[in-house]
Amino acid sequence: TSEEHLFEGSMLELPCRLLGCQRAAIVLIDPQTEILIPITIVGISPEYERHWYNSLFGARLHSMLGSQEFVDRLRAGEMLSLDGSHQLFRDLPSYKLITPILKNGELIGIFLIAYGNVKPALTSHDLTIIHAVANLAALLVEREKAMRDRNHALQMLQNAKSELEHTSKVKGDFLGIVSHEFRTALTGIQG
């Protein structure tokens, strides 16, 4: 998708190191259909990364989480803490944090962090980092949409300019023909 280039893996490498997690991922969600769009993940092998993309792409958020309650909690802006028994698409057993990515109060994605089998002791600084990454992801999505809208508007403006130039040329040709025909008739009348 067009968002994939926004979320290079390096965007998640620093938060992953700061938070001491094994894996971190960003998955966007179509707000109307809840279809998942896997964007980036760090901390896994390239083979497992392909499996991750394939297992999530086109799936729905509800089927990933296994509960509408979890979806509702994310929509409300709540961070989910899942223990090792909750596997996401046959994921490796681990403790996971799922932070909603919200834009104007609407759930547009999730920031997923996976630790080992032991629940991490997160500090307020850790939570600030987690929320900052989620907010950054929302801003990047918003910027990408604004750039697409801008490019679309520029294309529409270019099309309108081309149409105006064509109309102006047709008008000039028409006026030239009418002027010539009028002068020809006027010469005949004067003669």
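**Helix 4.** I looked up which residues of helix 4 (residues 68-75) are buried, and found Phe70, Val71 and Leu74. I then looked down the axis of helix 4: these buried residues fall within an arc of 100 degrees, so they line one face of the helix. The model is a predicted one, and I read every entry here with that in mind.

I checked what the buried residues of helix 4 pack against, and noted helix 3 (61-65), strand 3 (80-82), strand 4 and strand 5. At the N-terminal end of helix 4, I found Ser67 as the cap, with a side-chain oxygen 3.1 Å from the backbone nitrogen of Glu69. Just after the helix, I noted that Gly77 has a positive phi of about 90 degrees.

**Salt bridges of helix 4.** I counted seven salt bridges in the structure. In one of them, Arg75 meets Glu34 at 2.3 Å, N to O. Arg75 belongs to helix 4 and Glu34 to the loop between strand 1 and strand 2, so this pair ties together parts that are 41 residues apart in sequence. Is Glu34 buried or exposed? I read 13% relative accessibility for Glu34, which counts as buried because the limit is under 20%. Arg75 is partly exposed at 32%.

I also found a salt bridge between Glu69 and Arg73 at 3.5 Å, N to O. The two are four residues apart in helix 4, which means about one helical turn separates them. Glu69 is partly exposed at 49% relative accessibility, and Arg73 is partly exposed at 24%.

**Helix 5.** I looked at Glu144 and Arg148, whose side chains form a salt bridge of 3.9 Å, N to O. Both lie in helix 5, four residues apart, about one turn of the helix. Glu144 is buried at 8% relative accessibility, while Arg148 is partly exposed at 37%. I then looked for salt bridges that share partners, and found Glu69, Arg73 and Glu78 joined into one network.

**Helix 2.** In helix 2 (residues 46-56) I listed Tyr48, Trp52, Ser55 and Leu56 as buried. Down the helix axis they fall within an arc of 90 degrees, so they line one face. On the other side I found Pro46, Glu47, Arg50 and Asn54 exposed. I noted strand 1, strand 2 and helix 3 among what covers the buried residues of helix 2. Gly58 follows the helix, with a positive phi near 85 degrees.

**Strand 1.** How many residues of strand 1 (residues 23-29) are buried? I counted seven of the seven, so the strand is largely enclosed by the rest of the structure. I sorted them by face: Arg23, Ala25, Val27 and Ile29 lie on one side, and Ala24, Ile26 and Leu28 on the other.

I traced the pairing next. Strand 1 runs antiparallel to strand 5 (residues 106-114) over six bridges, with Leu28 opposite Gly109. Strand 1 is also joined by six bridges to strand 2 (residues 36-42), again antiparallel, and there Ala24 has Val42 as its bridge partner. Strands 1 and 2 form a hairpin with six residues between them, and Glu34 in the turn has a positive phi of about 65 degrees.

**Cores.** I looked up the largest nonpolar core, which has 25 residues; Ile26, Ile101, Phe111 and Ile113 touch the most other members. Helix 5 (124-190) is among the elements that supply at least two residues of this core, and it gives the most, with seven. I found a second, separate core of 22 residues, including Ala25, Val27, Leu36 and Leu74.

Conventions. Residues are numbered from 1 along each chain as its sequence is written. This is a predicted model: local features need pLDDT of at least 70, side-chain atom pairs count only at pLDDT 80 or more; totals for chains, interfaces and linings use all residues. Side-chain values use heavy atoms; hydrogens and water are left out. Buried means under 20% relative accessible area, exposed over 50%, partly exposed in between (1.4 Å probe, protein chains only). Two strands pair if DSSP finds at least two bridges between them. A nonpolar core is a set of buried Ala, Val, Leu, Ile, Met, Phe, Trp, Tyr and Cys residues joined through side-chain atoms within 4.5 Å. The arc is that of the directions from the helix axis to the C-beta atoms. Contact means heavy atoms within 4.5 Å. A polar contact is a pair of N or O atoms within 3.5 Å; within protein, one must be able to donate a hydrogen and the other to accept it, and residues adjacent in sequence count only if both atoms are side-chain atoms. A salt bridge is a side-chain nitrogen of Lys or Arg within 4 Å of a carboxyl oxygen of Asp or Glu.
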